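Keep the model in view as you read.

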Amino acid sequence: MSQGFQRSRGRAHRRYKRVFSIGSHGITTYNPTTLEVTNQWPYGDICGITPVGKGQGTEFNLTFRKGSGKKSETLKFSTEHRTELLTEALRFRTDFSEGKITGRRFNCYKHHWSDQRKQVSLEVTPGGIDQIDPHTNRVISSYDYRSVEGFAEVSDYQGGFCILYGGFSRLHLYASENRDEIIRSAIEHAGNYIGITLRLRKDPLTFEGFVGERLGKYGSDECITSLAEFVVQKISPRHMEPIKRILALTETCLVERDPASYNIVTVKPFEEVFALVCDEDNPQVFYVEFIRGQIRKYCSTERDSLLASLLDGVRASGNRDVCVKMAPTRRGQRWGLLSMPVDEEVESLHLKFLAAPPSESPSTALRPPHASACLNTLFSR
């Protein structure tokens with residue numbers, strides 16, 4: 001990822017490549033050739049991070065406090081992956097020094113895969129829309145704006161609207177008295193904080209249309225007809241205890257079904273699988289990592305057979321780089337996105353560091369233990 005930094009002082013701008021690391025406690029930049037720390041800002045000193053200009057672009061501003069006073073400074077950066085970088089940085093927005101933006105919550109009903117209406121809260125935040133359990137106040141799921149394709153009203157479902165999500169027009173149906181405000185607020189936030197343009201479809205859906213198109217482009221028989229099935233226990237923050245599921249492997253997708261009703265719970269295309277991970281401590285537990293950052297955890301008495309079949313299916317679909325690992329991917333130590341291979345320059349630098357390790361690395365300063373990002377960048381001044 002390339003990123004630049006600019007000062008508005010009438011000097012000719014000089015550009016430097018940097019590694020931009022979004023950690024658990026702050027943001028750090030490194031010299032990519034030496035991994036020396038060039039700048040470091042704890043989240044408590046950051047005032048904001050915003051895109052520059054309207055619509056798609058590469059530049060963004062990072063504003064931070066200088067010293068103990070009220071003065072602030074703004075640096076300008078540039079990266080081809082601005083949308084992803086801003087999304088990751090805004091996950092820590094409540095730790096910023098100013099605003100502590102939490103977003104506004106709306107009472108809604110979600111049309112569940114079981115055809116039940118479940119009461120939830122939707123919170124429109126700078127980085128996406130969070131679905132929140134109103135009883136426990138926990139975030140159940142998030143719809144990052146970077147993966148939202150737009151919105152559609154449902155004409156015969158009172159207050160109904162769909163979020164088109166995931167890159168393949170998967171439909172998530174909600175209903176709220178504040179439908180118009182939710183959609184308008186989400187569109188404004190996506191533009192102001194992420195720098196992308198979201199739209200409401202001109203033609204509304206019907207409920208029948210939602211049912212038929214719920215799975216988007218992976219709703220065809222070829223995509224949901226099982227070639228192999230395994231009974232698993234799904235381990236998820238949504239549920240207090242592991243919940244029984246059927247993992248079905250099709251020609252193109254990993255399909256999760258409810259064993260009681262055989263209803264489809266989720267569909268994940270094989271092309272979005274990043275890695276399969278065996279748990280070192282429990283011989284029945286495994287994880288499926290996806291290129292958009294999601295991680296699914298399961299337990300199965302047939303783990304090895306399941307993983308072998310899943311690996312074959314993923315590779316047969318054209319996703320040749322998937323492998324089985326014994327440890328989860330450490331996002332903070334990867335110089336780039338999971339959705340694309342790193343460039344040759346990054347590979348060359350890693351070979352160089354194998355021969356002559358740097359004195360300090362991104363794993364030792366503001367180490368991000370969770371899904372944070374360490375990004376190869378371009379830096380200008």
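Just after helix α5, Gly318 takes a positive phi of about 110°. The model is a predicted one.

Step back into the helix itself. Helix α5 runs over residues 303-316, 14 residues in all. From first C-alpha to last, α5 reaches 20 Å, close to the 20 Å expected at 1.5 Å a residue. Its buried residues are Arg303, Leu306, Leu307, Leu310, Leu311, Gly313 and Val314. Seen down the axis of α5, these buried residues fall within an arc of 165°, so they line one face of the helix. The general rule is simple: an α-helix has 3.6 residues a turn, so residues three or four places apart point the same way. On the other side of α5, Asp304, Asp312 and Ala316 are exposed.

What covers the buried face? The cover of the buried residues of α5 includes β14 (228-235), β15 (243-249), β16, β18 (273-278), β19 (285-290) and β21 (324-325).

Strand β16 deserves a stop. Glu256 is placed in this strand. Glu256 counts as buried because its relative accessibility is 1%, and buried means under 20%. The Glu256 side chain makes a polar contact of 3.0 Å with the side chain of Lys234. Another polar contact, of 3.1 Å, goes to the side chain of Arg245. Leaving out residues up to four places away in sequence, Glu256 also touches Tyr298, Asn263 and Leu247, among others.

Arg245 leads on to Asp258. The two form a salt bridge, with the closest N and O atoms 3.9 Å apart. The pair links distant parts of the chain: Arg245 lies in strand β15, Asp258 in the loop between β16 and β17, 13 residues apart. Arg245 is buried, at 4% relative accessible area. Asp258 counts as buried too, at 14%. Beyond its neighbours within four places in sequence, Asp258 is in contact with Trp113, Arg245, Asn263 and Val265.

Now widen the view to the other charged pairs. How many salt bridges does the structure hold? It holds 15. One of them joins Glu181 and Arg104, whose closest N and O atoms are 2.1 Å apart. Glu181 lies in helix α2 (residues 179-194) and Arg104 in strand β7 (residues 104-111), so the pair ties together parts that are 77 residues apart in sequence. Glu181 is partly exposed, at 25%, and Arg104 is partly exposed, at 45%. Elsewhere, Glu88, Arg91, Asp144 and Arg146 are linked in a network of salt bridges.

How values were computed:
Residues numbered from 1 in each chain as written. Predicted model: local features only at pLDDT ≥ 70, side-chain atom pairs only at ≥ 80, totals over all residues. Heavy atoms only, no water. Buried < 20%, exposed > 50% of the residue type's maximum accessible area, 1.4 Å probe, protein only. Contact = heavy atoms within 4.5 Å. Helix = DSSP H or I, 4+ residues; strand = E, 2+ residues; numbered from the N terminus. Polar contact = N/O pair within 3.5 Å; in protein donor to acceptor, adjacent residues only side chain to side chain. Expected span 1.5 Å × (residues − 1). Arc of directions from axis to C-beta. Salt bridge = Lys/Arg side-chain N within 4 Å of Asp/Glu carboxyl O.
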